[in-house]
Amino acid sequence: MSADKLKSIRSLEGKPVSIDASIIATIFFSEQSGFFVAEVRPLHNDFVEKEVTVCGHLAQEPKPGLHYHFEGLVVRHPKYGHQINAKRIAQIMPSTPRDMAKYLASGAIPGIGRKTAKKLVDAFGDQVIDVLDHDPQRILDLPGLSGIRGKMIVDAWHAHRASFEVLAQ
């Protein structure tokens, strides 16, 4: 979108919006209700603002660097200003091996840190997500990931995937 066509989020108050964005920081997250408030950076030139506040519900705390698709209404909070009240949220999976390694190492999946993420991406390249989803036994064949540790990672992955798309309340 060209600069002269960009809109301020303020001008969209009360209107539905749909954006793809990267989490910059989680401002608030309730483990009991799943309610969150986060600062995000739109992946495309959606608004004049480079950062936008989004609130909604997720099963897990949104981690910085992860990408989501948000659909909802622009509302004006009396204390915090304009934000997107997301009614539909879907996580966007990374598409390059580099982004996949960053995603896996983000802390969203227990048991996968930088070294394990690198090991997985080195072994499976851009197919790593597909392997985790459809052929997790291959993970258990990697050195250092057999047995209990590998099973823990596969189980954590499946639990994480089950919470991908959550309709906000």
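Biologist: Where is Met 100 found?
Modeller: Met 100 sits in helix α1. Keep in mind that this is a predicted model.

Biologist: Buried or exposed?
Modeller: Met 100 is buried, because its relative accessible area is 4% and the cut-off for buried is under 20%.

Biologist: What is Met 100 in contact with, leaving aside neighbours within four places in sequence?
Modeller: Met 100 is then in contact with Pro 94, Ser 95, Val 121, Gly 125, Asp 126, Val 128 and Ile 129.

Biologist: Which residues of α1 and α2 meet?
Modeller: From α1 there are Pro 97, Met 100, Ala 101 and Leu 104, and from α2 there are Ala 117, Leu 120 and Val 121. By type, the residues of this contact are 7 nonpolar, no polar and no charged.

Biologist: Stepping back, how many helices and strands does the protein have?
Modeller: The protein has 5 helices and 6 strands. Starting at the N terminus, the order is β-β-β-β-β-α-α-α-α-α-β.

Biologist: What does the C-alpha trace span along its principal axes?
Modeller: The span is about 55 × 40 × 20 Å.

Biologist: And how many of the residues count as buried?
Modeller: Of the protein's 169 residues, 41% count as buried. On contacts, take the pairs at least 6 apart in sequence: 58% of those join residues at least 24 apart.

Biologist: Which residues touch the most other members of the largest nonpolar core?
Modeller: That core has 42 residues, and Val 40, Phe 70, Ile 84, Leu 104, Leu 120 and Val 128 touch the most other members. Strand β1, residues 16–29, gives the most to this core, with 5 residues.

Biologist: Take Val 40. What is in contact with Val 40, beyond its neighbours within four places in sequence?
Modeller: Val 40 is in contact with Ile 19, Ala 21, Ser 22, Ile 23 and Ile 24, and also with Lys 50, Glu 51, Val 52, Val 54 and Phe 70.

Biologist: Glu 51 is in that list. Which side chain does Glu 51 meet in a salt bridge?
Modeller: The side chain of Arg 41, at 3.3 Å, N to O. Glu 51 is in the loop between β2 (35–42) and β3 while Arg 41 is in strand β2, so the pair ties together parts that are 10 residues apart in sequence. Glu 51 is partly exposed at 39% relative accessible area, and Arg 41 is partly exposed at 42%.

Biologist: How many salt bridges does the count come to?
Modeller: The count comes to 3 salt bridges. One of them joins Asp 122 and Lys 118, at 2.7 Å, N to O. Both of these residues lie in helix α2, 4 residues apart, about one turn of the helix. Asp 122 is exposed, with a relative accessible area of 55%.

Biologist: And what about Lys 151 and Asp 155?
Modeller: Their side chains meet in a salt bridge at 3.0 Å, N to O. Lys 151 and Asp 155 are 4 residues apart in helix α5 (residues 147–162), so about one helical turn separates them. Lys 151 counts as partly exposed at 48% relative accessibility, and Asp 155 counts as partly exposed at 39%.

Biologist: Back to α2. Is Thr 116 buried or exposed?
Modeller: Thr 116, which is in helix α2, is buried, with a relative accessible area of 7%. Leaving aside neighbours within four places in sequence, Thr 116 is in contact with Gly 111, Leu 145, Arg 149 and Ile 153.

Biologist: Last one: where is the place of Pro 62?
Modeller: Pro 62 is in the loop between β3 (52–57) and β4 (67–77). Pro 62 counts as buried, because its relative accessibility is 0%. Not counting residues up to four places away in sequence, Pro 62 touches Ile 23, Thr 26, Phe 29, Phe 36 and Tyr 68.

Terms used: Residues are numbered from 1 along each chain as its sequence is written. This is a predicted model: local features need pLDDT of at least 70, side-chain atom pairs count only at pLDDT 80 or more; totals for chains, interfaces and linings use all residues. Side-chain values use heavy atoms; hydrogens and water are left out. Contact means heavy atoms within 4.5 Å. Helices (H or I, at least four residues) and strands (E, at least two) are DSSP runs, numbered from the N terminus. Ala, Val, Leu, Ile, Met, Phe, Trp, Tyr, Cys and Pro count as nonpolar, Asp, Glu, Lys and Arg as charged, and the others, Gly among them, as polar. A nonpolar core is a set of buried Ala, Val, Leu, Ile, Met, Phe, Trp, Tyr and Cys residues joined through side-chain atoms within 4.5 Å. Buried means under 20% relative accessible area, exposed over 50%, partly exposed in between (1.4 Å probe, protein chains only). A salt bridge is a side-chain nitrogen of Lys or Arg within 4 Å of a carboxyl oxygen of Asp or Glu.
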